[in-house]
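Okay, thanks for making time, everyone.

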Amino acid sequence: MVIGIIGAGISGLTAGRILAKKGHDVTILEKSSGLGGRMATRYAGKGDETKLDHGLSYFLTESPEFQSFAVELLDKGLIQRWGDNFSLYDGENIYETNPNQPNVASFTAKDGMNSIGKYLSRWVDVKTNTLVGGLTYIGSNRSKKRSWMINLTAGNTFEADAVIIATPAPQAYGLLNTTIDETNTLKIVRDIDEVHYAPSYTLLAGYGKREIPDWDGIICKKSGLQFISNEASKKSKEQECSFVVQATPELTKNLRGKSDDLIREKMLQELAEVIGGWATSPEWSQIHLWKYSRPLKSLSKDYHELEFDDAPLALIGDYFNGNTVDSAYRSGYRLATDWSEKYSQ
């Protein structure tokens, strides 16, 4: 079966890997140049020598499926334990130990979080910088070979027997609306229309040879910031003092529409309130907006499926049974496992 997956985040890559291993012909269409969604890494600073995880700084393992995957990544030497040395900022003071530290293990990638997406992509054909504009259902009345036509904004198409939409819910909503007159997707559209996301601005800042703090990260309360990641603490090789700083949804909404310079200044001020006035003067800094940072509501199922015998279609992502990377992995894993049994080669 030829399967087209829209979106190369963790859920799409996970589903693609499992289905490809079962003998299906899998192609993933990704609008950006990177893999892994928010498990993203950027090169910045002098000569682009500083590596920063500007999406997710770390991840927790809770479900059995994701725990098993973490063991695989550990065996491959791709990830490491990180986050045992988190501090807490309560709006006034920094506490060296976070009293609310979760009881599950936390990890980060040794060579950048995007290495996990690259690892998962080894089993599938990924076409990056490929934007999907809509779907056309051909179905049993088709004269063409495949049941689905994935319409690309570049003007060409990709034909598939089955489609998996592994994008944030609002993007999935837009894609499904292009085929709503041809298929019974109305119930799915109504369900995912209720899923909304919190946006988040991320600040990347480098401070050269300044002494690197001894904390891994700071969880912030009563602040305009959510989390401060000490990126140099992750790296086995020497890296300049550098931070990834995540704004709260509230601060992000207040800053939307402002210039990058103003956003950068405000976030540096917030950072300085936590770690000291020196933070307002980095050697370099960048701003990135995560429009779909985290779902505010999740659907109580592992995935959504439109069960056409001749034209399967499913939705997967982090908004199924949670709102984390664990949820995303579990959603892709469980759909692919079910499809491997239903549509064996």
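When I say polar contact, I mean a pair of N or O atoms within 3.5 Å, where one has to be able to donate a hydrogen and the other to accept it. Keep in mind that this is a predicted model.

So, with that cut-off in hand, let's look at Lys 235. The side chain of Lys 235 reaches the backbone oxygen of Lys 51 at 3.4 Å, so that pair falls within the 3.5 Å limit. Where does Lys 235 sit? It's in the loop between β17, residues 225–230, and β18, residues 242–247. And is Lys 235 buried or exposed? Buried: its relative accessible area is 15%, and the cut-off is under 20%. If you skip the neighbours within four places in sequence, Lys 235 is in contact with Lys 51 and Lys 110.

Let me zoom out for a minute. The protein has 8 helices and 21 strands. On overall dimensions, a compact globule of 345 residues would have a radius of gyration near 20 Å, and this protein comes in at 21 Å, which agrees. Along the principal axes, the C-alpha atoms fill a box of roughly 65 × 45 × 40 Å. Buried residues make up 56% of the 345. As for contacts with a separation of 6 or more, 68% of them are between residues 24 or more positions apart.

Glu 305 is in strand β20, which runs over residues 304–306. Glu 305 counts as buried because its relative accessibility is 18%, with the cut-off at 20%. Which side chains does Glu 305 pair up with through polar contacts? One is Trp 339, side chain to side chain, at 2.8 Å. The other is the side chain of Lys 342, at 2.7 Å. Leaving out residues up to four places away in sequence, Glu 305 touches Ile 188, Leu 313, Ala 314 and Tyr 343, as well as Trp 339 and Lys 342.

Next up, Val 124, in the loop between α3, residues 114–120, and β10, residues 125–127. Val 124 is another buried one, at 12% relative accessibility.

Last topic: backbone angles. Most residues other than glycine have a negative phi. Asn 129 has a positive one, about 50 degrees, and it's not a glycine. Asn 129 lies in the loop between β10 and β11, the latter being residues 132–137. At 57% relative accessibility, Asn 129 counts as exposed. Lys 222 is also not a glycine, and its phi is positive too, near 50 degrees. You'll find Lys 222 in the loop between β16, residues 217–220, and β17. Lys 222 is exposed, with a relative accessible area of 78%.

That's my tour; happy to go back to any of these on the screen.

Note on methods. Residues are numbered from 1 along each chain as its sequence is written. This is a predicted model: local features need pLDDT of at least 70, side-chain atom pairs count only at pLDDT 80 or more; totals for chains, interfaces and linings use all residues. Side-chain values use heavy atoms; hydrogens and water are left out. Helices (H or I, at least four residues) and strands (E, at least two) are DSSP runs, numbered from the N terminus. Buried means under 20% relative accessible area, exposed over 50%, partly exposed in between (1.4 Å probe, protein chains only). Contact means heavy atoms within 4.5 Å. The radius of gyration is taken over C-alpha atoms; the globule rule is 2.2 Å times the number of residues to the power 0.38.
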